[in-house]
Every structure is written in structure tokens, then in C-alpha cells.
Amino acid sequence: MAAADGQMSQSGAGEKTWFEIVLQSLKRNDIRLVPYVPDRVLTRLIKELHADPFFTTFPTAREEEAVGIVSGAWMGGLRGAVLMQTSGFATLANVLASLALPYQIPLIMFVSERGTLGEFNYGQSLVCRTMRPVLDSLAMEHHTATRIDEFEFIVDRSIKQAITTQAPVALILSPLLTGGKVFDK
């Protein structure tokens with residue numbers, strides 16, 4: 001597999017890309033609201049969300065804001081997901097522990113993983129090493145997606161479980177899946 005513009009291409013003709021799987025899974029599970037904090041790895045997914053009238057999607061200033069919007073939408077009967085980068089996750093411990101978890105919000109988080117596999121930014125690496133322990137300490141369901149052949153199953157089942165159990169889930173998008181951020185020289 002080769003990375004082009006941060007997106008993994010597939011070897012077989014007709015295979016879905018990771019962002020097509022996300023779009024289809026969101027639709028299949030009636031997830032219509034998708035606030036996000038802009039991120040280079042998620043650019044193609046964000047463009048596709050904006051182009052599809054099924055979704056209401058818009059940028060937010062901070063990840064906590066996006067979580068608050070999705071939480072309020074759930075209380076009003078609308079399902080939502082949040083898109084962010086690993087470093088943005090670092091700001092969420094309080095809002096997860098004081099809002100999403102105790103109020104049983106089935107928050108779906110897609111987190112593009114930075115801080116690993118060739119990362120140049122030491123700060124990103126530090127945050128990456130703390131993300132999973134924070135999720136574990138909150139007893140929050142999380143999965144790291146690395147393979148396209150497993151991705152649709154993981155996304156669809158994680159969304160269904162979050163909604164059924166009314167508990168948040170984090171889907172961590174590894175550079176092995178997405179191609180990661182492309183660093184220009």
C-alpha cells in the first residue's frame with residue numbers, strides 16, 4: 001500500500017477507502033451530526049461529509065466544544081460523532097468524565113493518530129503515549145484501527161455498541177490505516 005496525500009490506496013480494484021467506510025457506517029447508523037476540529041489526515045473525510053447533504057458537519061474551535069455539541073444533540077434526539085487528532089484528545093479528560101460518561105452519551109470519536117510511526121513532533125509523541133491510558137482509566141471503550149479489512153466491522157459494531165449501551169467509544173485511526181500525516185521536506 002502506498003500513501004498519497006495522507007490517504008492509503010487499496011491494492012484491489014473496487015475496495016473501499018477508510019473514509020468511505022466511515023461515511024457508510026455513519027449513514028447506516030443514522031449518525032447525522034459531525035462536528036470536528038480540522039486535521040490534515042481527516043481532510044478527505046471532512047470534504048466528503050461536507051459534500052453529502054445527509055450530514056450536518058462544521059468545524060469547531062476546540063474538541064470539548066464538539067463533544068458538548070454532540071452531547072446536547074443526543075439529549076435532543078440526534079446522533080453525532082466527533083472528528084479530532086490525537087493532540088486534541090489530550091484536552092478531553094474533564095468533559096468525558098463529567099459529561100459523556102456519567103450522562104451516558106453514546107459519543108462516537110474518530111481520532112487520527114499522531115505521535116507514532118515517524119512522528120517528528122515530540123509533543124505529539126507524548127500525547128500519543130497518554131491517550132490509551134486515559135481511555136483505560138475512564139473505563140472507556142476504544143479500538144485502534146490498523147487494517148482496512150477489519151475496519152468496517154470495527155466501526156459499525158463500535159457505533160452499535162455505543163448507542164445500545166449509551167457509552168462513548170473512541171476509534172483511533174492508526175497511520176497504518178490512513179497513511180498518516182505526510183511531512184514535506
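Select Glu141 first: in this predicted model, Glu141 stands opposite Val169 in β8. β7 covers residues 141-145 and β8 covers residues 169-173; the two pair in the parallel sense over 5 bridges. Together, β7, α7 and β8 make a right-handed β-α-β unit.

**The cores**

The largest nonpolar core has 31 residues. Select Trp18, Leu26, Leu45, Leu83, Ile108, Phe110 and Phe151, which have the most contacts inside this core. At least two core residues come from each of α1 (18-28), β3 (33-36), α2 (43-51), β5 (81-85), β6, α7 and β8. Which element gives the most? Helix α7, with 7 residues. Next, pick Val82, Val95, Met131 and Leu135. They are among the 20 residues of another core, which lies apart from the largest one.

**Salt bridges**

The count of salt bridges comes to 11. Go to Glu152 and Lys16, whose side chains meet in one of them at 3.1 Å, N to O. Glu152 lies in helix α7 and Lys16 in the loop between β2 (7-8) and α1, so this pair ties together parts that are 136 residues apart in sequence. Glu152 is partly exposed, at 25% relative accessible area. Lys16 is partly exposed too, at 30%.

Now select Arg28. Arg28 also forms a salt bridge with Glu152, with the closest N and O atoms 3.3 Å apart. This pair links helix α1 to helix α7, across 124 residues.

Step to Lys27, which forms a salt bridge with Asp52; the closest N and O atoms are 2.5 Å apart. Lys27 is in helix α1 and Asp52 in the loop between α2 and β4, so parts 25 residues apart in sequence are tied together.

**Two loops**

Select Thr60, in the loop between β4 (56-59) and α3 (63-75). Thr60 counts as buried because its relative accessibility is 7%. A polar atom of its side chain lies 3.2 Å from the backbone oxygen of Arg62. Beyond its sequence neighbours up to four places away, Thr60 touches residues including Pro35, Tyr36, Glu65 and Ile69.

Finish at Pro102, in the loop between α5 (93-100) and β6 (108-112). Pro102 is partly exposed, at 46% relative accessibility. Leaving aside neighbours within four places in sequence, Pro102 is in contact with Leu96 and Ala97.

Methods
Residues are numbered from 1 along each chain as its sequence is written. This is a predicted model: local features need pLDDT of at least 70, side-chain atom pairs count only at pLDDT 80 or more; totals for chains, interfaces and linings use all residues. Side-chain values use heavy atoms; hydrogens and water are left out. Helices (H or I, at least four residues) and strands (E, at least two) are DSSP runs, numbered from the N terminus. Buried means under 20% relative accessible area, exposed over 50%, partly exposed in between (1.4 Å probe, protein chains only). Contact means heavy atoms within 4.5 Å. Two strands pair if DSSP finds at least two bridges between them. A crossover is right-handed if, with the strands pointing away from the viewer, the path from the first strand over the helix to the second runs clockwise. A polar contact is a pair of N or O atoms within 3.5 Å; within protein, one must be able to donate a hydrogen and the other to accept it, and residues adjacent in sequence count only if both atoms are side-chain atoms. A nonpolar core is a set of buried Ala, Val, Leu, Ile, Met, Phe, Trp, Tyr and Cys residues joined through side-chain atoms within 4.5 Å. A salt bridge is a side-chain nitrogen of Lys or Arg within 4 Å of a carboxyl oxygen of Asp or Glu.
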